[in-house]
Amino acid sequence: MNDKEITFAADRMLGRLAKWLRMLGCDVTCGRHLSGHGLIRAARTEGRLILTRDRSLRRKQPPPLLFIESNDYVEQLRQVMGACDLRPGAGLFTRCLVCNSRLEPREKDFVEKLVPPHVLATQERFSWCGRCQKLYWPATHQHKMLDALGKIAPP
Ligand SMILES: [Zn+2]
(Lines give C-alpha, C1' and ligand atoms only; values in the text may rest on other atoms or scores of the structure.)
Protein backbone atom coordinates (compact mmCIF):
# COMPACT_ATOMS: atom_id res chain seq x y z
CA MET A 1 0.00 0.00 0.00
CA ASN A 2 1.36 3.40 -0.90
CA ASP A 3 0.23 6.91 -0.09
CA LYS A 4 -1.69 7.28 -3.31
CA GLU A 5 -4.00 4.44 -2.37
CA ILE A 6 -7.63 5.33 -2.91
CA THR A 7 -9.58 6.09 0.26
CA PHE A 8 -13.32 6.04 0.78
CA ALA A 9 -16.12 7.72 2.68
CA ALA A 10 -19.07 5.36 2.79
CA ASP A 11 -22.55 6.50 3.70
CA ARG A 12 -24.16 5.01 6.78
CA MET A 13 -26.24 2.56 4.72
CA LEU A 14 -23.05 0.85 3.58
CA GLY A 15 -21.61 -0.40 6.86
CA ARG A 16 -21.20 -3.95 5.66
CA LEU A 17 -19.47 -2.89 2.46
CA ALA A 18 -17.16 -0.68 4.52
CA LYS A 19 -16.10 -3.68 6.61
CA TRP A 20 -15.30 -5.73 3.54
CA LEU A 21 -13.25 -2.93 2.03
CA ARG A 22 -11.36 -2.60 5.31
CA MET A 23 -10.68 -6.31 5.16
CA LEU A 24 -8.93 -5.65 1.86
CA GLY A 25 -6.89 -3.01 3.66
CA CYS A 26 -8.73 0.01 2.29
CA ASP A 27 -9.07 3.15 4.36
CA VAL A 28 -12.84 3.59 4.71
CA THR A 29 -14.55 6.07 6.96
CA CYS A 30 -18.12 5.18 7.76
CA GLY A 31 -20.56 5.90 10.54
CA ARG A 32 -23.88 7.27 11.63
CA HIS A 33 -22.76 10.83 11.09
CA LEU A 34 -21.91 10.12 7.45
CA SER A 35 -24.89 10.98 5.32
CA GLY A 36 -25.85 13.96 3.21
CA HIS A 37 -23.73 17.01 3.91
CA GLY A 38 -21.75 15.23 6.64
CA LEU A 39 -20.61 12.69 4.10
CA ILE A 40 -19.70 15.37 1.58
CA ARG A 41 -17.76 17.33 4.17
CA ALA A 42 -15.79 14.29 5.32
CA ALA A 43 -14.98 13.28 1.76
CA ARG A 44 -13.90 16.77 0.77
CA THR A 45 -11.76 17.40 3.84
CA GLU A 46 -9.91 14.13 3.54
CA GLY A 47 -9.94 13.69 -0.25
CA ARG A 48 -12.02 10.54 -0.13
CA LEU A 49 -14.17 8.95 -2.81
CA ILE A 50 -17.79 8.88 -1.70
CA LEU A 51 -19.64 5.58 -1.78
CA THR A 52 -23.35 6.15 -1.50
CA ARG A 53 -26.82 4.72 -2.12
CA ASP A 54 -28.33 8.18 -1.77
CA ARG A 55 -29.43 9.46 -5.18
CA SER A 56 -30.21 12.90 -3.86
CA LEU A 57 -26.56 13.45 -2.96
CA ARG A 58 -25.73 14.50 -6.51
CA ARG A 59 -27.83 17.62 -6.10
CA LYS A 60 -25.58 18.77 -3.28
CA GLN A 61 -22.58 19.25 -5.58
CA PRO A 62 -20.47 16.56 -4.02
CA PRO A 63 -16.83 15.73 -4.75
CA PRO A 64 -16.30 12.55 -6.82
CA LEU A 65 -18.68 9.80 -5.87
CA LEU A 66 -19.53 6.26 -6.79
CA PHE A 67 -23.21 5.50 -6.69
CA ILE A 68 -23.67 1.98 -5.35
CA GLU A 69 -26.26 0.16 -7.45
CA SER A 70 -27.11 -2.90 -5.43
CA ASN A 71 -28.57 -3.53 -2.01
CA ASP A 72 -26.55 -6.71 -1.72
CA TYR A 73 -23.11 -6.31 -0.14
CA VAL A 74 -21.47 -8.90 -2.39
CA GLU A 75 -22.64 -7.02 -5.46
CA GLN A 76 -21.60 -3.76 -3.82
CA LEU A 77 -18.12 -5.08 -3.19
CA ARG A 78 -17.90 -6.41 -6.72
CA GLN A 79 -18.87 -2.99 -8.06
CA VAL A 80 -16.32 -1.07 -5.99
CA MET A 81 -13.51 -3.52 -6.67
CA GLY A 82 -14.24 -3.32 -10.39
CA ALA A 83 -14.60 0.45 -10.51
CA CYS A 84 -11.48 1.13 -8.44
CA ASP A 85 -9.40 -1.79 -9.67
CA LEU A 86 -8.95 -3.21 -6.18
CA ARG A 87 -7.45 -6.65 -5.66
CA PRO A 88 -7.00 -8.76 -2.60
CA GLY A 89 -3.31 -8.44 -1.88
CA ALA A 90 -0.77 -7.46 0.72
CA GLY A 91 -3.29 -5.22 2.46
CA LEU A 92 -5.56 -8.08 3.48
CA PHE A 93 -6.37 -8.05 7.18
CA THR A 94 -4.15 -5.07 7.94
CA ARG A 95 -6.95 -2.80 9.10
CA CYS A 96 -9.42 -2.96 11.97
CA LEU A 97 -12.84 -3.85 10.61
CA VAL A 98 -14.53 -1.87 13.36
CA CYS A 99 -12.67 1.43 13.57
CA ASN A 100 -10.55 1.53 10.39
CA SER A 101 -7.21 1.86 12.25
CA ARG A 102 -4.15 0.09 10.95
CA LEU A 103 -3.42 -3.12 12.81
CA GLU A 104 -0.04 -3.82 14.33
CA PRO A 105 1.53 -7.28 14.29
CA ARG A 106 1.88 -8.81 17.74
CA GLU A 107 4.04 -11.63 19.02
CA LYS A 108 2.70 -14.60 20.91
CA ASP A 109 4.02 -13.40 24.26
CA PHE A 110 1.98 -10.20 23.94
CA VAL A 111 -1.28 -12.06 23.31
CA GLU A 112 -0.76 -14.84 25.83
CA LYS A 113 -3.24 -13.47 28.36
CA LEU A 114 -5.71 -12.23 25.79
CA VAL A 115 -6.71 -15.37 23.91
CA PRO A 116 -7.99 -18.81 24.86
CA PRO A 117 -5.28 -21.51 25.09
CA HIS A 118 -6.42 -23.37 21.96
CA VAL A 119 -6.07 -20.19 19.94
CA LEU A 120 -2.60 -19.60 21.30
CA ALA A 121 -1.69 -23.17 20.46
CA THR A 122 -3.00 -23.14 16.90
CA GLN A 123 -2.35 -19.59 15.66
CA GLU A 124 0.97 -18.01 14.77
CA ARG A 125 0.03 -14.57 13.58
CA PHE A 126 -1.82 -11.96 15.58
CA SER A 127 -2.75 -8.35 14.86
CA TRP A 128 -3.66 -5.71 17.36
CA CYS A 129 -5.94 -2.67 17.13
CA GLY A 130 -4.69 -0.20 19.73
CA ARG A 131 -7.82 1.93 19.45
CA CYS A 132 -10.37 -0.83 20.02
CA GLN A 133 -7.97 -2.86 22.18
CA LYS A 134 -8.98 -5.75 19.98
CA LEU A 135 -6.93 -8.68 18.81
CA TYR A 136 -7.33 -10.32 15.41
CA TRP A 137 -6.02 -13.63 14.19
CA PRO A 138 -6.61 -15.67 11.01
CA ALA A 139 -9.49 -17.76 12.31
CA THR A 140 -12.29 -19.52 10.51
CA HIS A 141 -14.26 -16.39 9.72
CA GLN A 142 -11.33 -14.99 7.83
CA HIS A 143 -11.18 -18.09 5.67
CA LYS A 144 -14.88 -17.77 4.97
CA MET A 145 -14.39 -14.16 4.02
CA LEU A 146 -11.52 -15.09 1.74
CA ASP A 147 -13.62 -17.78 0.08
CA ALA A 148 -16.34 -15.24 -0.60
CA LEU A 149 -13.74 -12.81 -1.88
CA GLY A 150 -12.28 -15.45 -4.19
CA LYS A 151 -15.67 -15.74 -5.88
CA ILE A 152 -15.82 -12.01 -6.45
CA ALA A 153 -12.23 -11.53 -7.60
CA PRO A 154 -10.68 -14.79 -8.79
CA PRO A 155 -6.88 -14.66 -8.44
ZN1 LIG B 1 -10.20 -0.89 15.91
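## Strand pairing

Strand β4 (residues 65–67) pairs with β3 in the parallel sense over three bridges; strands are DSSP runs of E of at least two residues, helices are runs of H or I of at least four, and both are numbered from the N terminus. Two strands count as paired if DSSP finds at least two bridges between them. Within this pairing, Leu 51 stands opposite Leu 66 in β4. β3 is also joined to β1 by three bridges, and these two strands run parallel. Here Phe 8 stands opposite Leu 49 in β3.

The model is predicted, and local features require pLDDT of at least 70, side-chain atom pairs count only at pLDDT 80 or more, and totals for chains, interfaces and linings use all residues. Residues are numbered from 1 along each chain as its sequence is written.

## The nonpolar core

The largest nonpolar core has 26 residues, of which Ala 10, Leu 17, Leu 21 and Leu 51 touch the most other members. Such a core is a set of buried Ala, Val, Leu, Ile, Met, Phe, Trp, Tyr and Cys residues joined through C-beta atoms within 7 Å. A residue is buried if 20 or more other C-beta atoms lie within 10 Å of its own, exposed if 12 or fewer, and partly exposed in between, with C-beta atoms placed from the backbone.

Two or more residues each are given to this core by β1 (7–10), α1 (15–23), β2 (27–30), α2 (36–46), β3 (49–52) and α3. The largest share, five residues, comes from α1. Leaving aside residues up to four places away in sequence, Ala 10 touches Leu 17, Ala 18, Val 28, Cys 30, Leu 34 and Leu 51; contact requires C-beta atoms, placed from the backbone, within 7 Å.

## Helix α3

Helix α3 (residues 73–84) has 12 residues and reaches 16 Å from its first C-alpha to its last, close to the 16 Å expected; the expected span is 1.5 Å times one less than the number of residues. Gln 76, Leu 77 and Val 80 are buried in α3. Seen down the helix axis, the buried residues fall within an arc of 95 degrees, so they line one face of α3. The arc is that of the directions from the axis to the C-beta atoms. Just after α3, Asp 85 takes a positive phi of about 55 degrees.

## Pro 88

Pro 88 lies in the loop between α3 and β5 (104–106). This residue counts as partly exposed because it has 18 C-beta neighbours inside 10 Å. Not counting residues up to four places away in sequence, Pro 88 touches Leu 24, Leu 149 and Ala 153. The C-alpha atoms of Pro 88 and Tyr 73 are separated by 16 Å, the two residues being 15 residues apart along the chain.

Technical notes: Contact = placed C-beta atoms within 7 Å.
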